[in-house]
Amino acid sequence: MSKLGPIIIVEDDPDDQEIIKEIFQNLQIKNQVLLFENGVPALEYLIATSEQMFLILCDLNMPGMNGLELRRQVDKNRELKLKSIPFVFLTTTASGKIVKEAYEMSVQGFFQKPSSFKEFESLIKSIYDYWQQCRHPNN
């Protein structure tokens, strides 16, 4: 993890993409934000780049490759696994079964998207601030 590295957002909903972009602008977060509509292009990018990412914020239910499958693929790839990129789910689905499955894959967080913009902004700020202050093996 590089504290200045890009933030990967994997989100298929155009409205949520716009909200997330606006939140990052409001918070004046300087990291580059890269948006992907599902896990397939996100995984392709992660494999192709030598850049050290700061964080992956991933939706759960998406066409193509969903969030759980993306997490599995990241874990299967030795180079990606060694990068230890923080992987956090940010989704509307938060059943106990899904949360348990995510944590069995050693995700670093699972958050349900809030309904209000202010709560969403507060959540993103908390996640970002946490990882900015966190010690990490690759920084």
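**Close-up views of a predicted model**

View 1. Leaving aside residues up to four places away in sequence, glutamate 121 touches Ile23, Asn26 and Leu27. Glutamate 121 belongs to helix H6, which covers residues 117–133. With a relative accessible area of 10%, this glutamate is buried, because the cut-off for a buried residue is under 20%.

View 2. A disulfide is a covalent bond between the sulfur atoms of two cysteines. The count of disulfides in this model is 0. The closest cysteine sulfur to that of cysteine 58 belongs to cysteine 134 and lies 19 Å away, which is too far for a bond. Cysteine 58 is buried, at 0% relative accessibility. Cysteine 134 also counts as buried, with a relative accessibility of 19%.

**View 3. The elements of secondary structure in the protein, 6 helices and 5 strands.** Starting at the N terminus, their order is β-α-β-α-β-α-α-β-α-β-α. Of the contacts between residues at least 6 apart in sequence, 71% join residues at least 24 apart.

**View 4. Overall dimensions and surface of the protein.** The C-alpha atoms fill a box of roughly 40 × 30 × 25 Å along the principal axes. The radius of gyration is 14 Å, which agrees with the value near 14 Å for a compact globule of 139 residues. Buried residues account for 45% of the 139 residues.

Conventions. Residues numbered from 1 in each chain as written. Predicted model: local features only at pLDDT ≥ 70, side-chain atom pairs only at ≥ 80, totals over all residues. Heavy atoms only, no water. Helix = DSSP H or I, 4+ residues; strand = E, 2+ residues; numbered from the N terminus. Buried < 20%, exposed > 50% of the residue type's maximum accessible area, 1.4 Å probe, protein only. Contact = heavy atoms within 4.5 Å. Disulfide = S-S within 2.5 Å. Rg over C-alpha atoms; globule rule 2.2 N^0.38 Å. Areas by Shrake-Rupley, 256 points an atom, 1.4 Å probe, with all protein chains shown as cover.
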